[in-house]
Amino acid sequence: MRIAVCIKQVPGTAQVEIDEKTGVLKRDGVESKMNPYDLYAMETALRFKHDYGAEVDVITMGPPQCEAIVREAFMMGVDRGIILSDRKFGGADVLATSYTLSQGIRKAGNYDLIICGKQTTDGDTAQVGAELAEFLGIPHVTSVCRVLKVEDKSITVDLDLPMHIETAAIQFPCLITVEKGIFEPRLPSFKLKLATADRKIEWLGLKDLDDRNEMHYGLNGSPTQVKRIFPPESHSGRDMWKGSSGDLAARLFQMLKDKKFLQQAR
Amino acid sequence: MPQIVIHQAKAQDPQSLAALCPFDAIEFADGILSINSGCRMCRLCIKNGPQGVFEYVEDARPGVDKSLWRGVAVFADQTGGQIHPVTWELLGKATELAVKIKQPVYCLLAGYNVAAAAPEILEYGPDEVYVYDLPELEHFRIEPYTAVFEDFINKVKPSVVLVGGTSIGRSLAPRAAARFRTGLTADCTMLDIRPDTDLDQIRPAYGGNIMAHINTPNHRPQFATVRYKIFSAPEKVAVPKGRIVRCEIAPERLASAINVLEVKPKRREVGIEEAEVIVVAGRGLKKREDLDMIRELAAALDGRVASTRSLIEAGWTEPRQQIGLSGRTVKPKLIITCGVSGAIQFVAGMNNSELIVAINEDEKAPIFKTAHIGIVGDMYQIIPALINKIREYKAAGHGSPAGCLQTCGGKA
């Protein structure tokens with residue numbers, strides 16, 4: 001069984017701020033790390049390596065610095081690392097990112113299973129998995145919370161839906177996105193760090209891909225455009241309410257209604 | 001497409017120019033400055049760099065013919081024939097947008113044994129409901145649902161497609177958007193439309209620390225997902241004007257490699273850490289039986305009951321209900337504290353809640369320093385009056401569409 005896990009390097013903290021004057025992200029001194037949700041995807045793959053002898057590759061797209069997270073993946077037991085890096089890939093939105101990953105995966109090999117984390121902590125969209133599956137032409141399921149069975153041609157999983165747990169069998173090749181907590185991610189091993197220090201990482205640029213039309217990548221291949229970014233409105237000041245109990249109850253009722261706390265939760 | 005061009009001849013101090021970029025996207029190597037893939041087009045280098053070194057170049061590319069794509073479409077999110085209420089909210093927003101550009105509102109209803117829901121959808125104002133009622137659509141499986149979505153879009157050619165940010169929507173919308181090689185903006189919190197039908201989409205990023213304004217200027221349709229309870233459901237129209245369109249699709253397009261084996265209802269035992277709404281009883285409670293009032297309020301808000309340490313020590317509540325440094329830390333969407341003074345050890349366990357409402361008789365209670373809304377008054381009068389109002393509201397059929405009671409009831 002061959003598995004590819006998609007990973008991403010993200011800012012080390014979500015506490016990013018916007019410069020009020022320039023409207024640009026303040027990123028000074030912000031460390032990078034592996035997207036925490038990807039650890040669960042990788043752990044799932046590594047369990048399959050242990051239990052079924054699967055080969056596990058990681059693939060990421062990003063600037064050269066993202067080598068750090070591929071090295072980290074090696075320290076956890078991943079066999080092979082592929083980095084898609086090219087200035088032509090820059091400024092990619094979900095569509096261009098998914099397309100680039102699909103091109104990289106096609107180049108890297110025939111996989112039975114692609115595993116993605118639930119979402120990233122920076123973009124927060126949880127869409128790349130589904131779009132990637134579409135570009136690869138394979139089925140996908142999201143919200144996998146438990147693996148019940150792995151067979152030659154299929155995998156049986158539980159999906160964590162809002163009101164239900166759904167059990168489904170999906171034929172290979174397929175893509176799954178896993179929930180946080182499906183398995184407890186392992187820590188990087190120092191032994192593996194030493195053992196994999198010289199392991200070669202495969203770098204793929206635009207020229208290495210089957211589709212070399214640069215209009216399909218990066219900013220060129222991105223239908224969405226960010227017009228501007230700005231700080232959210234802050235919860236302003238404190239409000240003190242006084243008056244008769246009847247009035248206070250009526251006011252509280254209105255506030256709860258306006259803020260939609262009186263609708264069913266789902 | 002736009003790009004940043006570097007005029008090398010004008011670059012004086014390449015090292016300092018490379019430092020201009022907060023994303024480390026400017027590289028200096030072999031005597032040449034270049035922009036790498038880290039570039040986010042923030043244009044800070046143009047703004048803060050020496051004049052003339054960095055230039056923003058936009059080349060016009062023929063866009064899509066926007067006049068061929070008309071109307072605002074909503075995907076009706078359903079499980080087992082029960083329409084998710086986010087659908088009503090999206091239909092309300094779709095109507096608002098469609099009025100501005102004088103175009104129709106469409107709705108896509110896909111599933112098995114779901115046709116009965118179409119007349120109810122019409123009550124929320126769409127001009128046409130397209131119904132795909134097929135056995136292959138009994139469970140949400142990605143291939144047949146995407147095939148139906150594709151068929152619908154090709155039939156209708158909508159300019160905008162709105163999908164609920166539910167577990168179904170968050171799986172289906174990106175798949176369908178990718179099939180049309182078009183843009184999708186997830187979890188929008190504000191939507192507006194321009195005369196040229198470009199959709200203005202605003203969404204939070206970086207865990208809500210930043211808002212982004214996004215357009216899809218050269219592609220159609222424009223996909224956006226919106227979470228439940230972001231927009232408001234409109235009032236039902238007295239006389240629906242829309243029509244129902246029954247659709248067929250070739251069965252071979254509905255094949256799937258996914259086999260749904262079992263669907264089990266989830267036993268939702270929500271602890272206070274996971275609760276979205278919490279009502280807290282504090283020392284202001286006079287006797288144990290008065291907890292009923294707190295429980296009733298929590299039930300009316302679909303929330304959980306928690307307490308301060310003093311009530312646990314009195315044996316009135318369970319230790320797992322305790323909020324504070326020696327108990328649990330919570331971060332619900334709404335927390336209402338009733339007769340809680342607000343000792344530091346308590347506040348530390350709840351001060352990151354999104355909306356904090358405190359009811360206390362003592363205007364000087366420290367809890368009012370933490371609360372967003374401080375209500376100075378007698379909870380023994382305010383809470384029963386509030387519960388009555390909520391009951392009347394719900395009895396009038398608001399807030400809990402048919403079928404909800406048996407699914408949501410009893411877990412509070």
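**Reading helices and cores**

Trainee: Which residue takes a positive phi just after α3(A)?

Mentor: A:Gly109 does, with phi about 155°. This is a predicted model: local features need pLDDT of at least 70, side-chain atom pairs count only at pLDDT 80 or more, and totals for chains, interfaces and linings use all residues. Residues are numbered from 1 along each chain as its sequence is written, and chains are lettered from A, ligands numbered from 1, in the order in which they are written.

Trainee: What span does α3(A) reach, against what expectation?

Mentor: Helices (H or I, at least four residues) and strands (E, at least two) are DSSP runs, numbered from the N terminus. The expected span is 1.5 Å times one less than the number of residues. Helix α3 of chain A, residues 94-108, reaches 21 Å between its first and last C-alpha, close to the expected 21 Å.

Trainee: Why is α3(A) called largely enclosed?

Mentor: Count neighbours: buried means 20 or more other C-beta atoms within 10 Å, exposed 12 or fewer, partly exposed in between, with C-beta atoms placed from the backbone. In α3(A), 12 of the 15 residues are buried, so the rest of the structure largely encloses this helix. Among them are A:Leu95, A:Tyr99, A:Gln103 and A:Ile105.

Trainee: Which residues of α11(B) are buried?

Mentor: B:Met379, B:Ile382, B:Ile383, B:Leu386, B:Lys389 and B:Ile390. Viewed down the axis of α11(B), the buried residues fall within an arc of 125° (directions from the helix axis to the C-beta atoms), so they line one face. On the other side, B:Arg391, B:Glu392 and B:Ala395 are exposed.

Trainee: What covers the buried residues of α11(B)?

Mentor: Contact means C-beta atoms, placed from the backbone, within 7 Å. The cover includes α6 (245-258) of chain A, plus α7, β20, β21 and β22 of chain B. After α11(B) comes B:Gly397, with a positive phi near 90°.

Trainee: Which residues touch the most other members of the largest nonpolar core?

Mentor: Nonpolar side chains tend to be buried together in soluble globular proteins. A core is a set of buried Ala, Val, Leu, Ile, Met, Phe, Trp, Tyr and Cys residues joined through C-beta atoms within 7 Å. In the largest, of 126 residues, A:Val5, A:Met42, A:Ile114, A:Ile115, B:Leu108, B:Leu109 and B:Leu162 touch the most other members. Helix α1 of chain A, residues 36-52, gives the largest share, 8 residues. A second, separate core of 45 residues includes B:Ala275, B:Met350, B:Ile382 and B:Leu386.

Trainee: What does A:Val5 contact beyond four places in sequence?

Mentor: A:Ala41, A:Met42, A:Ala45, A:Val56, A:Val58 and A:Ile115.

How values were computed
Contact = placed C-beta atoms within 7 Å.
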